[in-house]
Amino acid sequence: MTTDNSGDVRLSGISKTYGSFTAVHPLELTVPQGSFFALLGASGCGKTTTLRMIAGLEEPSSGTVHLGDQEVTHLPPYKRPVNTVFQSYALFPHLDIFENVAFGLRRRGIKSVKKQVEEMLELVQLGEQARKKPHQLSGGQQQRVAVARALINTPKVLLLDEPLGALDLKLRRQMQLELKRIQTEVGITFIHVTHDQEEAMTMADTVAVMNAGRVEQLGSPTDLYENPQTTFVANFLGTSNLIEAEVDSKSGEDIVLRAGGGKLVLPESRCGAPTTTGGKVLVGVRPEKISLTHADDAGEIAENRNRITGKIADSSFIGVSTQYVIDSPVCPEFEVYAQNIDRDPRLVPGAEVVLHWNPAHTFGLDAAQDIDAGVAEVEEEAA
Amino acid sequence: MATVTEAPPLAPAPETKPPRKRGRWTPYWLLLPGLLWLIVFFALPMIYQASTSVQTGSLEEGYKVTWHFATYWDALSEYWPQFLRSILYAGSATILCLILGYPLAYLIAFRAGRWRNLIMILVIAPFFTSFLIRTLAWKTILADSGPVVSTLNTLHVLDVTNALGWTAGDRVLATPLAVVCGLTYNFLPFMILPLYTSLERIDGRLHEAAGDLYAKPWTTFRKVTFPLSMPGVVSGTLLTFIPAAGDYVNAELLGSTDTRMIGNVIQTQFLRILDYPTAAALSFILMAAILFMVTIYIRRAGTEDLV
Amino acid sequence: MPVVNWLKRHLVVIAGLVTLAYLLLPNVIVTVFSFNKPKGRFNYQWQQFSTDAWKDPCGVADMCGSLSISLQIALWATLGATVLGTMIAFALVRYRFRARGTVNSLIFLPMAMPEVVMAASLLTLFLNLGAQLGFWTILIAHIMFCLSFVVVAVKARVMSMDPRLEQAAQDLYAGPAQTFLRVTLPIAAPGIAAGALLSFALSFDDFIITNFNAGSTVTFPMFVWGSAQRGTPVQINVIGTAMFLVAVLLVLTSMVISNRRNRQKA
C-alpha cells in the first residue's frame with residue numbers, strides 16, 4: 001500500500017433525488033488510490049449518477065465527496081482534478097485530434113503543449129492521426145482519443161462512463177486489455193461504470209454491484225461470483241440455479257437442507273441468511289460447477305456430493321461446452337454447463353440424469369428476496 | 001480495501017453549503033431583448049390596429065375610438081369579391097405548387113445522385129435576384145405577341161381557359177391565369193424545401209421493403225412515401241398559402257383591375273386613400289380568416305408540431 | 001414499347017426537370033434582357049443586342065443609391081436579428097422557464113402572418129407614435145420579421161448538439177465562459193450562419209413591409225416597383241443577373257473548397 005492517499009475517492013452519505021424519485025440512496029464508498037474500480041449495474045440503477053457526482057456534473061442532494069483530504073462536493077467540474085471519458089466519447093467535432101487532446105492543457109494556461117500531446121498520442125498509438133477530425137476516425141480510435149484527452153491532464157482520478165459501449169465485441173475485448181495496461185502504466189485511480197458484467201470482471205480489481213440506487217455487494221470479481229450475497233448479484237453476475245429449501249439440521253460446520261425430498265449440504269460459512277431449523281433458505285449453485293451422470297450410473301457418484309435427479313429437457317452445443325436444461329422436481333429449469341471433454345452419448349433430451357456437485361460450491365441466500373431479481377435486467381441489457 | 005455501508009436513512013444530512021443556484025435568471029436575460037422587440041413591434045401594432053379599426057373620424061380632425069364595428073361590415077360587404085379571389089388564387093397556386101414541387105423534391109431526394117447539390121443550388125439561387133425583377137420577367141414570357149401565348153393559341157388551350165374565365169381574348173397577361181402563374185412561381189421554393197427535408201429523412205430501404213412486400217411503384221408511393229412526407233406537405237402548403245393570400249405584387253404587376261386581391265385593397269386604402277379604419281379592419285379580417293383556416297387545416301392534417 | 005417504358009421509369013425525373021425549368025426561366029429572361037436595347041421606356045420586348053447597360057450599371061438616376069440603402073439595411077438587420085434570435089434560441093433549448101408556450105407562439109406567429117398584415121399594423125403603430133418613417137423604421141421592421149427565422153435555424157442546430165460536449169469541456173478545465181466560446185459557439189456556428197444568411201436574403205429582397213414603412217426612403221425593391229410604373233431601365237436586369245451570378249459563384253467556390261479540404265484530410 002502506498003502512503004499517498006491523494007487519489008482516494010471518499011463518498012460519505014452521498015445521495016441524489018430528482019423530485020420524488022431517488023436515483024442514489026445515501027451511500028458510503030471509499031475507492032483507494034491506484035485501484036481499478038467498477039460500478040456495475042443495469043441502466044437506471046444510479047451508477048452513472050454516482051459517477052457524475054464525483055465528476056461534479058451533478059450536485060449531490062446530500063453528503064460529501066472527498067478526493068484525498070480535499071472536499072470537492074461543491075467544486076464545479078472545471079476545478080476538480082478529475083477527468084472523464086464520456087459515453088460515446090463527446091469528442092469536439094470542430095477540433096482536430098491534436099486540439100481535442102490539447103484542450104485541457106490549453107484551458108489551464110499551458111502554452112507549449114506540442115511535446116506532451118505528441119507523447120500522449122504515441123501512448124494511444126494515434127501519432128499519425130493528429131490532424132484528422134474525430135468523424136474521420138473509427139470507433140476504437142475515437143475511444144483512444146477520449147482516453148488520451150482525459151489522461152494528458154494527469155488527473156487524480158479517471159472516470160469512465162460506459163467507455164466501450166459503442167464498440168463491437170472483438171474491439172471491446174481488445175480495448176479492455178488496453179485500458180487495463182494503461183491503468184497499470186500510469187497508476188491513476190480508475191472508476192469505471194458499466195452494465196457489462198464481463199467487462200467489469202475482466203478489468204476491475206474491485207466491483208460494486210448497484211441496483212435501484214443502492215450498492216448490493218462490493219468485492220473482488222472472484223468473491224462476487226463465487227459468493228454472492230443477494231439473489232440480484234447471483235442472477236446479474238453470470239447465471240445461478242436457485243432452489244428453495246428448508247433447514248433440516250446442523251452438523252458441525254455444515255447445514256443440512258431438505259429440497260424436493262432430497263437432502264443438500266451447505267457450508268455454514270457460505271450462507272448469508274439466518275438459519276433456524278424449519279426455516280427457508282435459497283440454495284444456489286453455478287451451472288458450471290455441476291456434473292451430469294446418466295441415471296444408470298448413479299452408483300458411481302461419490303458419497304459426499306450434493307445430488308438432484310431430473311430429466312434433460314434441452315441441450316445446446318456451443319463449442320467449448322454443452323449447455324443443458326434439466327427438468328427436476330426442485331426446479332423446472334436447472335442449468336448445467338458441461339465442458340466438452342468426454343461426452344456421454346446417452347445425455348440427450350429425455351434422458352434421466354443425476355446432477356451432483358461439491359457441497360463447497362453451494363451458497364445460501366435469504367429466502368425473503370425475489371428469486372428472480374436481476375434476471376430481467378440481464379435480458380434487458382442483452383436485448 | 002474499499003468499504004461500503006448504507007448510511008442510516010434517518011440520519012440528518014451533513015452540514016453542506018447550499019447548492020449552486022447560478023443561472024436562474026439567465027434565460028430571462030437571454031429572452032428579454034428579442035421578446036421585447038417582438039412585443040413592441042409585432043404584438044403591440046396588432047393592438048393598435050385593432051383599435052384603429054373601430055375608430056371614426058377624418059385625417060384632418062383626427063380619429064377617435066367610437067367602437068364603430070360597422071366598419072367591419074361595410075368593408076366585408078364592399079370587398080368580399082377581393083377576399084374570395086385572394087383565397088381562390090392562393091389556393092390554386094398552393095395546389096399547383098404541390099403538383100409541380102413534389103416531383104422536383106422527390107428527384108432531389110432520391111434520384112439526383114451526384115447532381116443533388118447542383119439542383120439544390122439551382123432551386124435556391126433565384127432567391128438572390130430580387131423577386132420583383134423576376135416577376136417582371138413574366139411580363140416578357142407571357143407577352144401578347146410572345147411564343148408562349150401564340151403556342152397556347154395554336155393548341156386552342158386559350159379557348160378552354162377563356163371558357164373557364166381564367167383568361168380573356170388572346171391574352172394571358174392581365175388575367176387570373178397570369179396572377180396564379182406568378183404566385184405559383186414566387187412561392188414554389190417554399191413548397192420544395194420543406195418537401196425535400198421530409199422526403200430526405202425517409203429511409204430508402206422502406207421503398208425496397210414495400211417492393212419486397214408486393215407493392216407496385218405507384219402503390220409504394222401512395223402507401224409509404226406520401227404518408228411519410230406529410231409533415232413536409234403540411235408545412236409546404238402553409239408556407240405557400242399564407243404569403244400568397246396576402247400578396248399584392250403579382251396581382252399588381254401581372255394582373256388587371258379585375259384581378260385585384262385583398263392585399264391590393266389594403267395597400268390602396270392605407271397608402272393612397274388613407275382610410276385607416278377600413279384598411280385596419282380589412283387587415284384584421286384577413287388575419288383572422290387565415291388563422292382560422294390554418295388552425296382547422298393543421299387539426300385535420302394532424303401535424304401539430306410544425307416548428 | 002421501349003419508349004413508353006423509358007418514359008414511365010423516368011416520369012419523376014422529367015416532371016422534376018420541367019419544374020426546375022419553370023423556376024429558372026425568369027432568370028434566363030432577366031439575363032438575356034440585360035443585353036437588350038429597348039426602344040421605349042420598358043424593357044419587355046427584345047430589340048437588339050447591346051452591352052451598354054453592363055458598361056454603365058449605375059447610369060440610372062437613384063438606382064445605385066437605393067441598392068446601397070438596401071445593402072446597409074440588410075447588413076444591420078442581419079446583425080440585429082442574428083444576435084437577438086440566437087439569444088432566444090439558446091434560452092429556449094437550454095433552460096426551463098415559465099411561459100415557454102407563450103414565447104414559442106410569439107416566435108411562430110410572425111412567420112404565419114401575411115406580410116401585408118404585419119406591414120399595415122406596424123405602420124399604424126408608427127403613425128400613432130408620430131415616428132418619422134425612413135431608414136430606422138425599415139430597419140426595425142426587418143429585424144422584427146427576420147428574428148423568428150434565426151430562432152428556428154439556431155434552435156434546430158443547438159437541439160441536435162450533444163450536451164455531453166459542454167460537460168466534456170467543463171471536465172477539461174474550461175469555465176462557463178470558455179466553454180461557451182470554445183465549444184458551444186463554434187458548434188452552433190453553422191446554424192447561426194444559416195439564420196444570418198436567410199435574414200440577409202429576406203431583408204434585402206423585402207418589398208411589402210418596406211413599402212408600408214419606408215416613408216420617402218427608397219430601397220432597391222422599391223426602386224424596381226416604381227420603375228414597373230414609370231419605365232424599367234435595362235440596368236435593373238444587370239443588377240439582377242450580377243446578384244444571381246455572384247450567389248452561384250460563392251456557393252460553388254465554397255463547395256469546391258470544402259470538397260478539396262475533405263479529400264486532403266481523408
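H2(A) goes past H4(A) in a right-handed crossing, and that pair is a handy way into this predicted model. Their axes come within 7 Å and cross at roughly 30°, which makes H2(A) roughly parallel to H4(A), since angles under 35 degrees count that way.

- Helix H2 of chain A is residues 97-107, and helix H4 of chain A is residues 139-151.
- On the H2(A) side, the contact is made by A:Ile97, A:Asn100, A:Val101, A:Phe103 and A:Gly104, while H4(A) brings A:Val145, A:Ala148 and A:Arg149.
- Sort the residues of this contact by class and you get 5 nonpolar, 2 polar and 1 charged.
- As for the record, UniProt (unreviewed entry) lists "domain: ABC transporter" for residues 9-237 of chain A.
- Over residues 9-237, chain A is 35% helix and 27% strand, with the end C-alpha atoms 25 Å apart.

**Where chain C meets chain B**

- Here 67 residues of chain C are in contact with 70 residues of chain B.
- Quite a list of chain C helices supplies at least two residues each to the side that touches chain B, including H2 (11-33), H4 (63-94), H9 (176-205) and H12 (234-265).
- H2(C) gives the largest share of that side, with 15 residues.
- By class, the side of chain C that touches chain B splits into 54 nonpolar, 11 polar and 2 charged residues.

**One helix pair across B and C**

- Helix H1 of chain B (residues 26-53) packs with H4(C) at an angle of about 135°, their axes 8 Å apart.
- That angle makes H1(B) oblique to H4(C), and the crossing of the two is left-handed.
- From H1(B), the residues in the contact are B:Pro27, B:Leu30, B:Leu31, B:Pro33, B:Gly34, B:Leu35 and B:Trp37.
- Facing them in H4(C) are C:Leu84, C:Gly85, C:Met87, C:Ile88, C:Phe90 and C:Ala91.

**Where chain C meets chain A**

- This contact takes 17 residues from chain C and 21 residues from chain A.
- Helices H8 (163-171) and H9 of chain C are the elements that give two or more residues to the side touching chain A.
- H8(C) has the largest share of that side, at 6 residues.
- By class, the side of chain C that touches chain A has 9 nonpolar, 4 polar and 4 charged residues.

**Domains of chain C**

- Chain C is divided into domain 1 (1-58 + 234-266) and domain 2 (61-232).
- Taken over C-alpha atoms, the centres of the two domains are 28 Å apart.
- Each domain puts 7 residues into the contact between them.
- The domain 1 side of that contact has 4 nonpolar, 2 polar and 1 charged residues.

**Annotated spans in chain B**

- The UniProt annotation "transmembrane region" (unreviewed entry) covers residues 28-48, 87-110, 117-137, 173-196 and 279-298 of chain B.
- Residues 28-48 of chain B are 100% helix and 0% strand, with the end C-alpha atoms 26 Å apart.
- For residues 117-137 of chain B, the end C-alpha atoms lie 26 Å apart, and the span is 71% helix and 0% strand.

Definitions and conventions:
Residues are numbered from 1 along each chain as its sequence is written. Chains are lettered from A and ligands numbered from 1 in the order in which they are written. This is a predicted model: local features need pLDDT of at least 70, side-chain atom pairs count only at pLDDT 80 or more; totals for chains, interfaces and linings use all residues. Two residues are in contact if their C-beta atoms, placed from the backbone, lie within 7 Å. Helices (H or I, at least four residues) and strands (E, at least two) are DSSP runs, numbered from the N terminus. Ala, Val, Leu, Ile, Met, Phe, Trp, Tyr, Cys and Pro count as nonpolar, Asp, Glu, Lys and Arg as charged, and the others, Gly among them, as polar. UniProt positions are given in the numbering used here, feature names are shortened, and annotations may be inferred rather than shown by experiment. Domain bounds come from an automatic or database domain assignment. Axes are lines fitted to C-alpha atoms, for helices over the stretch in contact, and angles run from 0 to 180 degrees between N-to-C directions. Angles under 35 degrees count as roughly parallel, over 145 as roughly antiparallel, 65 to 115 as roughly perpendicular and the rest as oblique. A crossing is left-handed if the near helix is turned anticlockwise from the far one by less than a right angle, and right-handed if clockwise.
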